[in-house]
Amino acid sequence: NEHIWIHYTGHFLLLTAFLSALYAVFAHVLSIRSHALNWKDAVRVAFWVHLASIYLAIALLLFILYKKYFAYEYVWAHASADLPLRYILAAFWEGQEGSFLLWLFWNGAFGIYFVRQTRPIRLTVLVVLLGVNALLTSMLLGIHLGDFKIGSSPFLLLRHSMDLPLFNNADYARLIEGNGLNPLLQNYWMTIHPPVLFLGFASTLAPFAYACAALIHQDWKAFIKESLPWAAGSAFALGAGILMGAAWAYEALSFGGYWAWDPVENMSLAPWLILLAGLHTNLVSRASGHSIRATLWLYALSFVFVCYSSYLTRSGVLGDSSAHAFTEMGLEGQLVLLCLVACLLPIIVLIR
């Protein structure tokens with residue numbers, strides 16, 4: 001009763017998503033160097049493969065949560081037999097793996113707009129997005145290379161992570177009960193707050209990608225014009241997510257108010273403030289032609305701070321000091337790599 005096909009299908013989908021995103025980045029580099037249209041077509045095909053793989057993986061994880069297949073560690077950790085249906089989504093993004101998939105969901109949705117565009121700067125924005133998605137997807141692979149672990153898969157069977165006599169029973173899956181969703185999280189805010197906040201986090205990638213693409217193509221006019229609505233939408237979504245978290249903190253979680261100096265709460269505010277500064281310099285540059293450089297770096301820095309916020313939340317370094325932080329899962333090195341790529345990519349592009 002393990003429904004073992006889910007284990008293999010889930011791993012296959014995540015591996016396909018990772019490899020297709022890497023292939024798109026490789027194809028784009030070749031298209032810039034050779035000016036070959038067929039490589040540009042390859043980027044678009046790779047994106048659709050990547051998107052389909054991510055969305056199917058999301059659907060599969062929701063399916064096993066809905067069916068309460070407790071033989072899977074993620075379902076066992078975040079759901080229970082008596083969990084109301086309205087909290088299945090909350091259980092989906094309560095854990096690290098589900099929240100990464102939520103982030104990838106929004107990035108993929110943004111990519112649908114860019115994949116249909118023909119202008120070089122917009123195709124480069126898509127490739128930057130896919131490059132970030134490759135790093136995010138690597139957090140979900142759950143592959144062991146000797147003693148080195150790459151990511152943590154949401155499709156891991158419970159018997160792969162624990163060694164219990166119970167697993168000697170061929171019918172063990174029927175004997176397992178899930179831990180269930182934390183009672184504090186069985187709240188309507190848990191259903192609406194995380195997706196809005198992750199929409200804000202994910203949308204900071206668009207201005208960042210536009211900054212990198214503008215440096216590559218030297219197309220400042222397109223950068224100033226096209227990044228503005230993305231930055232405005234991102235600031236709105238991130239601000240709305242922060243306000244929802246504040247309302248939830250006062251209503252249900254007894255944090256002593258929103259600004260109880262929780263480091264994760266503070267770090268969610270930092271990229272929003274930087275993004276607002278970039279939005280202001282973008283308006284100045286659109287009107288006067290000045291402050292283009294400041295706009296570039298403020299947009300880049302807002303996404304860097306999103307990545308750093310993710311590191312603080314997910315690495316386990318704040319596990320004892322923040323109500324938001326996840327426990328350590330061995331992803332510290334990959335999270336540091338994400339932060340380094342976000343920092344170094346615009347600098348390397350600028351130098352070149």
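Here are some notes on this predicted model, point by point.

1. Ground rules. Because the model is predicted, local features need pLDDT of at least 70 and side-chain atom pairs count only at pLDDT 80 or more, while totals for chains, interfaces and linings use all residues. Residues are numbered from 1 along each chain as its sequence is written, and side-chain values use heavy atoms, with hydrogens and water left out.

2. Overall build. The chain has 13 helices and two strands (DSSP runs numbered from the N terminus: H or I of at least four residues for helices, E of at least two for strands). Its C-alpha atoms fill a box of roughly 70 × 50 × 35 Å along the principal axes.

3. Packing. Buried residues make up 54% of the 352 (buried is under 20% relative accessible area, exposed over 50%, partly exposed in between, with a 1.4 Å probe and protein chains only). Of the contacts with a separation of 6 or more, 74% join residues 24 or more positions apart (contact means heavy atoms within 4.5 Å).

4. The core. W103 and F303 touch the most other members of the largest nonpolar core, which has 109 residues (buried Ala, Val, Leu, Ile, Met, Phe, Trp, Tyr and Cys joined through side-chain atoms within 4.5 Å). Leaving out residues up to four places away in sequence, F303 touches W103, V132, T204, L205, F208 and A342.

5. T295. This residue lies in helix α12 (residues 292-314). T295 is buried, at 0% relative accessible area. Beyond its neighbours within four places, T295 is in contact with F223, G278, T281, N282 and S285.

6. Second largest pocket. The volume is about 640 Å³ (a pocket is an open set of points on a 1 Å grid over the protein atoms alone, with protein on both sides within 12 Å along at least five of seven lines; lining residues have an atom within 4 Å of a point). Of its 20 lining residues, V29, I32, I216, L345 and V349 are closest to the centre. Helices α1 (4-34), α6 (120-138), α9 (205-217) and α13 (332-351) each supply at least two lining residues.

7. Backbone checks. H3, in the segment before α1, has a positive phi near 50° though it is not glycine. K68, in the loop between α2 (37-67) and α3 (73-78), also has a positive phi, near 60°.

Technical notes:
1 Å grid on protein atoms, 1.4 Å probe; cavity = no way out; pocket = protein on both sides within 12 Å on 5 of 7 lines; lining within 4 Å. Points joined across faces, edges and corners; volume = space filled by probe spheres on them.
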